Amino acid sequence: MILTETAHAKINLYLHVTGRRDDGYHLLDSLAVFAGAADTLFFSSDAAALSLSVEGPFGAELSTDATDDNLVMRAARLLAAEAGHTPTGSLTLEKTLPVASGIGGGSADAAAALRLLQQAWDVAVSEERLFELAEKLGADVPVCLAQRSARMGGVGERLDPAPALPDCGMILVNCGLGVSTPAVFRARDGGFSEAPALPAAWASAAEMATDLARLHNDLEAAACALCPTIRDVLSAINALPGCLLSRMSGSGATCFGIFDTPEAARRAAAQLSALTQARSWWVWAGGLAGRPKTSESRPA
Ligand code: C5P
């Protein structure tokens, strides 16, 4: 038996830091959406003891020595312990998303492991409990478990309904330099900012971009200070014809551009290819994934 699960890239369309907890974690207000770009996790029931192998263009960046410590393995062990199940089978992670790049790759992989192994092992863990396990694995794992657009609150674990999203295109560009999330949070200066109320729906990409332009990513300046190439990436995206908005996602370094349609985003990516090949930047273009027509929130 082979089962497959996709782990889509999580993009923060805006990210406001609204406060700081005593334990140092930051309180956020962020609109997370999912792009078509994804890692893929495969499960095969052929092995008696659980193992993980990592393949794909970014597989080498996840040391195989450390696979035991990989978020996917931690998710697997957590689920097995919760369900009183012996962890079996072999997992293969096809890593096509850049590592440590602000698009939730590791979190999405861990969330995919929870979804996949719950099914593969046929263990009964309630949806509410699965979200609690996700939260233990990292602040971004709950939204990746839901894998649908949501307004994130708390340190990321509180998921509220997102505006219904329009058809739109997205380009993602990563300059290949990893930035450390804790370092970016530490380097951030500036106060706290609340985001305003959002509409129930955006009718068009242009309308969404206009509203988003009034918001920002509070981590962008700090990430650019640590990794100035991010500014080059933002300028390159911003200069593309049809680009409605450019911004950094999460704690960086991946930046995104919003376009009217997936085709417009792909045409723009083609225009960028000489530059991105010369600088070995990773580029993806397409549409959003798991875009809800009507928003839902996670179970209370
Ligand atoms: O939860 P996760 O492991 O993804 O977070 C990595 C680091 O990012 C944390 O150790 C913390 O330094 C920082 N962080 C934060 N506030 C958040 C999320 C992450 O300060 N809401």
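Where does aspartate 140 lie relative to α3 and α4? In this predicted model, aspartate 140 is placed in the loop that runs between α3 (127–137) and α4 (141–146). Aspartate 140 is buried, because 30 C-beta neighbours fall inside 10 Å, and 20 or more are enough for that class. Apart from neighbours within four places in sequence, the contacts of aspartate 140 are Lys10, Gly104, Ser107 and Gly156.

The UniProt record, an unreviewed entry, lists Lys10 and Asp140 under "active site". These positions span 131 residues in sequence, yet no two of their C-alpha atoms are more than 8.8 Å apart, so they gather at one spot. Lysine 10 belongs to strand β1. Lysine 10 is also buried, with 28 other C-beta atoms within 10 Å. When neighbours within four places in sequence are left aside, lysine 10 is in contact with Ala32, Phe34, Ile103, Gly104, Ser107, Ala108, Asp140, Val143 and Cys144.

Asp140 also forms part of the surroundings of the ligand, together with Tyr25, His26, Leu28, Gly138, Ala139, Val155, Gly156, Thr181, Pro182 and Phe185. By class, this shell holds six nonpolar, four polar and one charged residues. At least two shell residues come from each of β2 (26–44) and α5 (181–187), and α5 gives the most, with three. Domain 1 (2–159) and domain 2 (164–289) each contribute at least three residues to the shell.

The domain assignment divides the protein into domain 1 (2–159) and domain 2 (164–289). Their C-alpha centres are 22 Å apart. Across the boundary, 26 residues of domain 1 are in contact with 31 residues of domain 2. On the domain 1 side, β1 (2–20) and β2 are the elements that give two or more residues, and β1 supplies the largest share, eleven residues. That side of domain 1 is made up of 14 nonpolar, eleven polar and one charged residues.

In soluble globular proteins, nonpolar side chains tend to be buried together. The largest nonpolar core here has 94 residues, and Ile171 and Phe259 have the most contacts inside it. Strand β2 gives the most to this core, with ten residues. The core draws at least three residues from each of domain 1 and domain 2. Not counting residues up to four places away in sequence, phenylalanine 259 touches Cys168, Gly169, Met170, Ile171, Ala205, Gly242, Cys243, Leu244, Ala264, Ala265 and Ala268.

Conventions. Residues are numbered from 1 along each chain as its sequence is written. This is a predicted model: local features need pLDDT of at least 70, side-chain atom pairs count only at pLDDT 80 or more; totals for chains, interfaces and linings use all residues. A residue is near a molecule or strand if its C-beta atom, placed from the backbone, lies within 6 Å of it. Helices (H or I, at least four residues) and strands (E, at least two) are DSSP runs, numbered from the N terminus. Ala, Val, Leu, Ile, Met, Phe, Trp, Tyr, Cys and Pro count as nonpolar, Asp, Glu, Lys and Arg as charged, and the others, Gly among them, as polar. Domain bounds come from an automatic or database domain assignment. A nonpolar core is a set of buried Ala, Val, Leu, Ile, Met, Phe, Trp, Tyr and Cys residues joined through C-beta atoms within 7 Å. A residue is buried if 20 or more other C-beta atoms lie within 10 Å of its own, exposed if 12 or fewer, and partly exposed in between; C-beta atoms are placed from the backbone. Two residues are in contact if their C-beta atoms, placed from the backbone, lie within 7 Å. UniProt positions are given in the numbering used here, feature names are shortened, and annotations may be inferred rather than shown by experiment.
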